[in-house]
Amino acid sequence: MLQAGHVKPGDVVYDLGSGDGRVIIMAAQKFGATGVGVELLPDLCRKTQQRIASLGLADRVRMVEGSALRVDLSPANVVTMFFTTLSNERLKPNLEKHLKPGSRVVSNEFPIRGWKPVEVAHVKTGSMDHTIFVYEIGRLR
């Protein structure tokens with residue numbers, strides 16, 4: 001997802017539904033970006049924050065406990081997510097409200113209806129095939 005989103009040093013990556021934080025941790029470690037994970041579950045958020053601290057990444061990676069539907073995404077220039085098409089539809093207003101032109105939205109498996117991707121990548125990891133949809137704010141239609 002990070003490769004498909006063309007993440008580079010200095011980017012601010014928000015991962016919605018961040019879970020164990022693997023995306024934001026990798027964004028910092030492998031791509032030189034800043035990572036912010038948004039996770040609804042308090043225990044998972046706390047455990048992930050502890051893992052981030054133990055990896056020495058607290059200066060570049062953090063977790064926000066809350067809803068992806070209500071988080072301020074304005075600092076982000078890359079947003080990654082792995083939600084269903086219906087959930088993506090519910091997230092569209094927040095993405096459109098906060099993201100600046102040129103920001104990228106990377107959706108694993110599920111498209112965002114009404115938006116035209118600038119890129120669709122097909123990735124094989126182990127025995128799984130994934131379709132990654134990349135959108136650019138300002139070039140959605």
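Biologist: What volume does the largest pocket have?

Modeller: Please bear in mind that this is a predicted model. The volume of the largest pocket is about 280 Å³.

Biologist: Which residues line the largest pocket?

Modeller: The lining consists of M1, D15, L16, G17, S18, D20, R22, V23, M81, F82, F83 and N108. Sorted by class, six of the lining residues are nonpolar, three are polar and three are charged. At least two lining residues come from each of β1 (12–16) and α1 (22–31).

Biologist: How do strands β2 and β3 run, and how many bridges join them?

Modeller: Strand β2 (residues 34–39) and strand β3 (residues 61–65) run parallel, and five bridges join them. Together with helix α2 (residues 42–54), β2 and β3 form a β-α-β unit that is right-handed.

Biologist: In which strand is T131, and which residues does T131 touch?

Modeller: T131 belongs to strand β7, which covers residues 128–136. Leaving aside residues up to four places away in sequence, T131 touches S107, N108, E109, V120, A121 and H122. With H122, there is also a polar contact between the two side chains, at 3.4 Å.

Biologist: How far apart are T131 and E39 in sequence and in space?

Modeller: T131 and E39 are separated by 92 residues in sequence, and their C-alpha atoms lie 23 Å apart in space.

Methods:
Residues numbered from 1 in each chain as written. Predicted model: local features only at pLDDT ≥ 70, side-chain atom pairs only at ≥ 80, totals over all residues. Heavy atoms only, no water. Helix = DSSP H or I, 4+ residues; strand = E, 2+ residues; numbered from the N terminus. Polar contact = N/O pair within 3.5 Å; in protein donor to acceptor, adjacent residues only side chain to side chain. Contact = heavy atoms within 4.5 Å. Pairing = 2+ DSSP bridges. Right-handed = clockwise from strand over helix to strand, strands pointing away. 1 Å grid on protein atoms, 1.4 Å probe; cavity = no way out; pocket = protein on both sides within 12 Å on 5 of 7 lines; lining within 4 Å. Points joined across faces, edges and corners; volume = space filled by probe spheres on them. Nonpolar A, V, L, I, M, F, W, Y, C, P; charged D, E, K, R; others polar.
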